[in-house]
Amino acid sequence: MNKALGLKRCIVGVKFLYFEHEYHNLEINEYGRKTSYCMMVKHAMDGNHFKANLGHFACRCAIEALGLADEMEGVESGQRYYSLNLYESRAVAKDVTRDISRIKQKIYGIEIGPLDELEDADVVMLMVNAYQLMRVVQGYTYKWGIPKHLYMAGNQGVCADLTAGPFEKNDLNFSVLCAGTRRMCAWGDDEIGVGLPIQQFEPLTEGIIQTMNYIDYPNQKDAIRARLVSPDELGVLVDDNLHYGKLGKEYVRPDMYEKLKSGELE
């Protein structure tokens, strides 16, 4: 995935730790401070691997989205969101609240770190730019067709859109993030988040690689080649002579299509 897309941050995995003894028996460092969940994700994308429990979470919305504690009264009614003056009416706020993903079962904590150190993760997250997101979507549609569970509200971008949602809906989602995480984590203005359940990661990577030669232009292919240790590292050679624009002409040119129908063109 990194070689095909040229990501600037680590791909990270999140594993849910359901029991207290499971958390304490995990021999990795605790996060060690109290802050937002999205700051933890940023720390992991910088290459750090750690665990965290309720005592490390400063954001109530993330606590509830990840299943660390029950929702406060006033959430399901839409009152919390309506109080932020981001929605025209309580009905709109309630509708948004209903569609914000939250993990229903209780967990004790999380393990989070670079995915290559956390192969039994539940959810995978990566940060991409618009071009890289295009390639992710093309890789997804190669394997599964058009994504059908995309959603976002511009709020709870990391905890709900990229973690709880992919886990609860068992499908990929991407997010424009939210103002809070963009401010706290200093994500670039061009960065967009992608979250997916772990079992989709390898097929998605395959889809991105299989569409690479037919989508990327020579300048992108040059950048991919520069990231490779050996030419066959991706299992597919990067080939400047291949592109989807060179294919399928008989299906866009009526005269050629008539020859295809009549058997003149094979």
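Predicted model: local features only at pLDDT ≥ 70, side-chain atom pairs only at ≥ 80, totals over all residues.
Residues are numbered from 1 along each chain as its sequence is written, and side-chain values use heavy atoms, leaving out hydrogens and water. Local features need pLDDT of at least 70, side-chain atom pairs count only at pLDDT 80 or more, and totals for chains, interfaces and linings use all residues.

Helices (DSSP runs of H or I, at least four residues) and strands (E, at least two) are numbered from the N terminus. Helix 10 covers residues 201-215, and its end C-alpha atoms are 20 Å apart, which agrees with the 21 Å that its 15 residues should span at 1.5 Å a residue; the expected span is 1.5 Å times one less than the number of residues. Among its buried residues are Phe201, Leu204, Ile208 and Met212, where buried means under 20% relative accessible area, exposed over 50% and partly exposed in between (1.4 Å probe, protein chains only).

Turning to the rings, the structure holds 7 aromatic pairs. Rings of Phe, Tyr and Trp (its six-membered ring) pair if their centres lie within 6.5 Å, with planes under 30 degrees apart counted as stacked, over 60 as edge-to-face and the rest as tilted. Phe16 and Phe167 have ring centres 4.9 Å apart and planes at 70°, so they meet edge-to-face. This pair joins strand 1 to helix 8, across 151 residues. Phe16 is buried at 2%, while Phe167, at 24%, is partly exposed. Tyr37 and Phe57 are stacked, because their planes are at 15°, with centres 6.0 Å apart.
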